[in-house]
Amino acid sequence: MCIFSGGNGAGNNQFRRPFGIARNANTRTLYISDSLNHRVMRYLAGAAVGAVIAGGGNGAGNNQFRRPFGIARNANTRTLYISDSLNHRVMRYLAGAAVGAVIAGGAGAGNANNQLNFPTGIYFDQTSNSLIIANRNNHNIVRWVIGAATRTVLAGSAAGAPGGTAALLRNPDGVTLDSAKNLYVADTGNNRIQLFKVGQTNGITIAGVPGLPNANPSSLRSPSAVKVDSQGNLYVADTINNRIQKFTCNQS
């Protein structure tokens, strides 16, 4: 392991609760949401000091954030999408722009089809030109097509109700898709990872033991992020256990 930057603070080589990471695979540039500094940092390959490329002030202006969390990148257009959690919106920053635009939410916290409620993890789906958003305080996962005025619920309660059944979620924080467009959710409050196959509203627990949050290898405690690779291996940020877990999953 190599720590290339860090320490608690507001310097350009420091963070205060970093959460989301996006990467330019060609240049190896990293984009990091620095949540409690209300900004997004860019680190060029090999750099020990970053640069603020978005935000930097706590507020609701289009050049500000209030606790940015998830970050996703459109590799074709170099556009960044950032979940601005306490402003209950997702911001779009075009390549090189210093000011963003609201692309999802922004109508206050709520459960109407044009609202979000503390969005956290996000994933950009190139095929459908849409964002998959962990809508944390509404306990669901939504799809917001770029340019649309409203969203649709993919998983969890459309009414915003929490729960621990196969059809419900509790404060989900992380979300991703695999190459077949199956949906993976870090169901944070239920200490599990849920797999929702395409078109299904009932999930399958593929990691974690609901009701038994502990440090055993098969268990999770407040998982906050999930990624899947081309081989079907699952990587989970097991937050309260202070570790990254790798699970080899058989989805058949």
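The protein chain is divided into domain 1 (1-123) and domain 2 (162-251). Those bounds come from an automatic or database domain assignment. Between the C-alpha centres of domain 1 and domain 2 the distance is 23 Å. Their contact (heavy atoms within 4.5 Å) takes five residues from domain 1 and six residues from domain 2.

Some ground rules. This is a predicted model, where local features need pLDDT of at least 70, side-chain atom pairs count only at pLDDT 80 or more, and totals for chains, interfaces and linings use all residues. Residues are numbered from 1 along each chain as its sequence is written, and side-chain values use heavy atoms, with hydrogens and water left out.

Now the cores. A nonpolar core is a set of buried Ala, Val, Leu, Ile, Met, Phe, Trp, Tyr and Cys residues joined through side-chain atoms within 4.5 Å. Buried means under 20% relative accessible area, exposed over 50%, partly exposed in between, using a 1.4 Å probe and protein chains only.

Which residues touch the most other members of the largest nonpolar core? They are Tyr81, Val90, Ile103, Ala104, Leu116, Leu131 and Ile133, out of 13 residues. At least two residues of this core come from each of β8 (101-105), β9 (119-125), β10 (130-135) and β11 (140-145). Strands here are DSSP runs (E, at least two residues), numbered from the N terminus. A second, separate core has eleven residues, including Tyr184, Ile193, Ala207 and Leu220.

Look at Ile133. Trp144 sits in strand β11. Trp144 is buried, with a relative accessible area of 3%. From Trp144 to Ile103 is 41 residues in sequence, but 8.7 Å in space, C-alpha to C-alpha.

Last stop, the second largest pocket. On a 1 Å grid over the protein atoms alone, a pocket is an open set of points where a 1.4 Å probe fits, with protein on both sides within 12 Å along at least five of seven lines; lining residues have an atom within 4 Å of a point. The volume of this second largest pocket is about 450 Å³. That volume is the space filled by probe spheres set on the points, which are joined across faces, edges and corners.

Its lining has 17 residues, and Arg23, Ala72, Arg73, Tyr123 and Phe124 lie nearest the pocket's centre. Which strand gives the most to this lining? β9 does, with four residues. Domain 1 and domain 2 each supply at least three lining residues.
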